[in-house]
Amino acid sequence: MQQSATNLNDLQFLALIALCLLASPYLAKLFRLPISVAELILGAVLAYFGLISESENLKLLANIGFYYLMFIAGMEVNLRDLFYIDKGIAKKAFLYISLLYILSTLIVWIFELSLIFILIMPVMSVGLLTILFKEFGKKAFWLNTSMLIATIAEVVSIIALTIMGAFLRENSSLILVAQNIFYLCVFLVLCLLGFKLLGILFWWYPQLKIILMPWEDKNERDIRFCVAIFILIIIAMFLTELEVVLGAFVAGSFIATFFNHKYDLEYKLSSFGYGFLIPIFFIYIGSTVDLRIVLEYKILLKALVLMFAMILIRFISAMVFVKKLGFLHTILFTLSHSMPLTLLIATATLSYSAKLIDENFYSALILTALFEALFVMSLIKLIAHFKNSV
């Protein structure tokens with residue numbers, strides 16, 4: 001009887017997902033929202049009316065969607081850009097990221113917040129940043145610099161998230177934490193070695209790329225290869241008890257680095273992800289937010305203050321680039337880093353599940369992610385319009 005009820009609940013959920021997949025693009029276009037924000041809102045509304053309830057199958061699909069999202073995010077990163085970065089930019093990037101964490105620590109100390117906010121406020125994600133290339137083009141120096149720095153900062157955020165996950169895991173002990181950090185170091189070293197070895201291998205035998213991913217193939221071997229890598233890295237991360245997001249991100253980066261001859265690969269993979277798996281993640285996250293709490297003015301105020309604090313620490317830290325970018329482009333640089341939608345939600349979810357923040361702060365952080373995506377993107381477009389009209 002219980003199994004039948006679970007199956008009925010899952011079927012109801014799938015039907016609602018189908019409706020959300022159909023409705024979200026039109027809702028996003030009508031209200032000029034990023035489609036992920038529209039999906040979050042739909043999930044919250046469905047949960048408010050009791051149409052979505054807690055389900056392990058729903059949670060599993062949402063996790064797969066998030067891992068796939070990080071895999072696609074990794075495909076935005078060419079590792080050669082990181083390994084061969086200009087030394088001057090690298091020094092400024094190190095200073096910029098260090099200042100973010102120092103200023104976050106200062107805010108946490110002054111306002112006596114949970115220590116987890118030291119990791120939450122500097123969190124970075126390149127997800128929405130890629131949209132700006134449509135607005136400014138790929139030749140904009142400030143945007144290319146922004147993407148490069150955001151990529152480094154996102155890797156730092158994911159590594160910090162992985163270390164935090166080791167500390168927060170149930171039945172965690174000092175020995176287990178040390179073991180997980182050791183696994184993390186080994187994983188990162190293997191990634192570096194893998195990058196070097198694959199670079200040499202493909203230099204000597206460039207035809208291997210074509211064998212693995214032919215130019216034209218009716219059997220979609222390129223997609224199968226990528227999905228196989230995605231699944232294997234998830235298994236490896238689970239076995240080593242590391243955060244899967246790190247492995248998914250790195251796997252995407254390796255594919256982007258060594259198989260860049262397949263120009264349509266990212267489009268084909270993202271079309272499937274953004275058409276099915278990734279929306280489930282955003283709908284699920286939306287369903288975990290209680291709209292009755294969100295609409296309270298104290299939660300709204302917390303969200304606005306958090307958004308202002310996150311933008312402020314980025315603006316102060318970005319002053320290290322002001323001579324290189326100019327003041328106006330530094331402002332755009334700051335704002336472009338102030339939309340960490342996916343990782344901010346992921347960090348908030350991990351912190352809430354570990355009881356490091358209460359439901360009010362969790363709701364406030366989800367709202368912060370939404371406000372940043374809406375307000376910051378609108379502000380960037382407004383500044384761009386002003387710049388072009390002058």
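This is a predicted model: local features need pLDDT of at least 70, side-chain atom pairs count only at pLDDT 80 or more; totals for chains, interfaces and linings use all residues.
Figure 1. Val 189 has a relative accessibility of 44%, so Val 189 counts as partly exposed.

**Figure 2. The largest cavity and its lining.** The count of cavities of 30 Å³ or more comes to one. The volume of the largest cavity is about 60 Å³. Its lining consists of Tyr 101, Leu 119, Val 123, Ser 157, Ala 160, Leu 161, Met 164 and Thr 347. Helix α8, residues 141-168, provides the largest share of this lining, with four residues. Sorted by class, the lining of the largest cavity has six nonpolar residues, two polar residues and no charged residues. Rolling a probe the size of a water molecule over the atoms shows where empty space is left.

**Figure 3. Tyr 101, a residue of the cavity lining.** Tyr 101 is among the residues that line the largest cavity, and Tyr 101 is found in helix α5. The relative accessible area of Tyr 101 is 17%, so this residue is buried; the cut-off for buried is under 20%. Between Tyr 101 and Leu 148 there are 18 Å in space, C-alpha to C-alpha, and the two are 47 residues apart in sequence.

**Figure 4. The second largest pocket.** This pocket has a volume of about 1,200 Å³. It is lined by 38 residues, and the closest to its centre are Lys 59, Asn 63, Tyr 67, Leu 350 and Ser 353. Helices α3 (56-74), α8, α11 (221-239), α12 (244-258), α13 (265-287) and α18 (341-353) each supply at least two residues of the lining. Among these helices, α3 gives the most, with nine residues. By class, 26 residues of the lining of the second largest pocket are nonpolar, five are polar and seven are charged.

Figure 5. Glu 112 is in the loop between α5 (87-111) and α6 (117-120). Its phi is positive, about 55°, although Glu 112 is not a glycine. With a relative accessible area of 71%, Glu 112 is exposed, because exposed means over 50%. Ala 140 lies in the loop between α7 (132-136) and α8. Ala 140 is buried, since its relative accessible area is 15%. A distance of 24 Å separates the C-alpha atoms of Ala 140 and Thr 342, which are 202 residues apart along the chain.

**Figure 6. Phe 83 in helix α4.** Phe 83 belongs to helix α4, residues 79-83. The relative accessibility of Phe 83 is 35%, so Phe 83 counts as partly exposed. The C-alpha atoms of Phe 83 and Leu 192 are separated by 9.6 Å. Along the chain, Phe 83 and Leu 192 are 109 residues apart.

**Figure 7. Ile 383 in helix α19.** The helix that holds Ile 383 is α19, residues 359-389. Ile 383 counts as buried, because its relative accessibility is 15%. In sequence, Ile 383 and Ser 146 are 237 residues apart. In space, Ile 383 and Ser 146 are 16 Å apart, C-alpha to C-alpha.

Key
Residues are numbered from 1 along each chain as its sequence is written. Side-chain values use heavy atoms; hydrogens and water are left out. On a 1 Å grid over the protein atoms alone, a cavity is a set of points where a 1.4 Å probe fits but cannot get out, and a pocket is an open set with protein on both sides within 12 Å along at least five of seven lines; lining residues have an atom within 4 Å of a point. Grid points are joined across faces, edges and corners, and a volume is the space filled by probe spheres set on the points. Ala, Val, Leu, Ile, Met, Phe, Trp, Tyr, Cys and Pro count as nonpolar, Asp, Glu, Lys and Arg as charged, and the others, Gly among them, as polar. Buried means under 20% relative accessible area, exposed over 50%, partly exposed in between (1.4 Å probe, protein chains only).
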